[in-house]
Amino acid sequence: MAPVAVKICGLSTPETLDAALLAGADMVGFVHFPRSPRHLDLDAGRRLSARARGRAERVALVVDPDDALLDAVVEALDPDWIQLHGRESPERVAAARARTGRPVMKALGVATLDDLARVADYAAADRVLLDAKPAPGALPGGNGHAFDWDLIARSGLTTPFMLSGGLTPETVAGALAATGARAVDVSSGVERRPGEKDPDRIAAFVAAARAGS
Ligand SMILES: O=C(O)c1ccccc1NCC(=O)[C@H](O)[C@H](O)COP(=O)(O)O
């Protein structure tokens, strides 16, 4: 069986990006969303993404982007993936995929079985990322909250997914066992404080995910 794929999201410095690459992360995520403590402007995103080129799959994360923002992010970061982390419809996912020529990962917030039923609507996405549904007024993601993993088994979900939301080096092995996920994503759980990644926790997360495979 292939090893569990690991994405480290919200990287914002060369040092922490290098820590993720050295640890063997499969995907590295760059957030372009001004409200986020992990926001990178396009110039900073361009530099970090270039640094990771060919060393991991680079993910540009945007929230309800219009076409102009999609174009600008693709021009600057030349990402391997686009992650849509807002309220994008299935039609918008398909349009973003066609416009950018990049695979699209669509994040879906999960709090109930009904939320998991929505996965079936997103066949246009190349990958679905299941994250905790944010509280009203909170950021769309990166909140460090887990959802009830038992919902996944109860839903009968058969579509492959990336598991996200409140994962840490301490919990990721249990999450893999509980959900059967073959891909995981983390942001807050490898930080010292919002927006400040910890290289040691990044390494510990990747090792724990691989050990739990
Ligand atoms: O990380 C952010 O600041 C962010 C802001 C706006 C939309 C999405 C965001 N992050 C999305 C991610 O992919 C996170 O890794 C995911 O939500 C898990 O975050 P966490 O629970 O903190 O590990």
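Biologist: Which elements do the buried residues of α1 pack against?

Modeller: In this predicted model, the buried residues of α1 pack against the strands β1 (5–8), β2 and β10 (196–197), and against the helices α2 (42–52) and α8.

Biologist: What makes a residue of helix α1 count as buried, and which residues are these?

Modeller: A residue is buried if 20 or more other C-beta atoms lie within 10 Å of its own. In α1 (residues 14–23), Thr16, Leu17, Ala19, Ala20 and Ala23 are therefore called buried. These residues cover an arc of only 155° around the axis, which puts them on the same side of α1. On the other side of α1, Pro14 and Glu15 are exposed. The helix is followed by Gly24, whose phi is positive, near 95°.

Biologist: How do you know where the buried residues of helix α7 lie around its axis?

Modeller: The buried residues of α7 (residues 172–179) are Val172, Ala175 and Leu176. Seen down the axis, they fall within an arc of 100°, so they line one face of the helix. Their cover includes β7 (161–163), β8 (183–186) and α8 (199–211). Just after α7, Gly180 takes a positive phi of about 75°.

Biologist: Which residues have the most contacts inside the largest nonpolar core?

Modeller: That core has 62 residues, and those with the most contacts inside it are Ile8, Ala20, Ala25, Val28, Phe30, Val184 and Ala209.

Biologist: What surrounds the ligand?

Modeller: The ligand is surrounded by 27 residues, and the closest are Cys9, Ser36, Gly141, Gly142 and Ser188. The elements that give two or more residues to this shell are β2 (27–31) and β8. By kind, the shell divides into 9 nonpolar, 15 polar and 3 charged residues.

Biologist: What confidence does the predictor give?

Modeller: On the pLDDT scale from 0 to 100, the mean for the protein is 97, and 99% of its residues reach 70 or more. For the complex, the predictor gives an ipTM of 0.98 and a pTM of 0.97.

Notes:
Residues are numbered from 1 along each chain as its sequence is written. This is a predicted model: local features need pLDDT of at least 70, side-chain atom pairs count only at pLDDT 80 or more; totals for chains, interfaces and linings use all residues. A residue is buried if 20 or more other C-beta atoms lie within 10 Å of its own, exposed if 12 or fewer, and partly exposed in between; C-beta atoms are placed from the backbone. Helices (H or I, at least four residues) and strands (E, at least two) are DSSP runs, numbered from the N terminus. The arc is that of the directions from the helix axis to the C-beta atoms. Two residues are in contact if their C-beta atoms, placed from the backbone, lie within 7 Å. A residue is near a molecule or strand if its C-beta atom, placed from the backbone, lies within 6 Å of it. Ala, Val, Leu, Ile, Met, Phe, Trp, Tyr, Cys and Pro count as nonpolar, Asp, Glu, Lys and Arg as charged, and the others, Gly among them, as polar. A nonpolar core is a set of buried Ala, Val, Leu, Ile, Met, Phe, Trp, Tyr and Cys residues joined through C-beta atoms within 7 Å.
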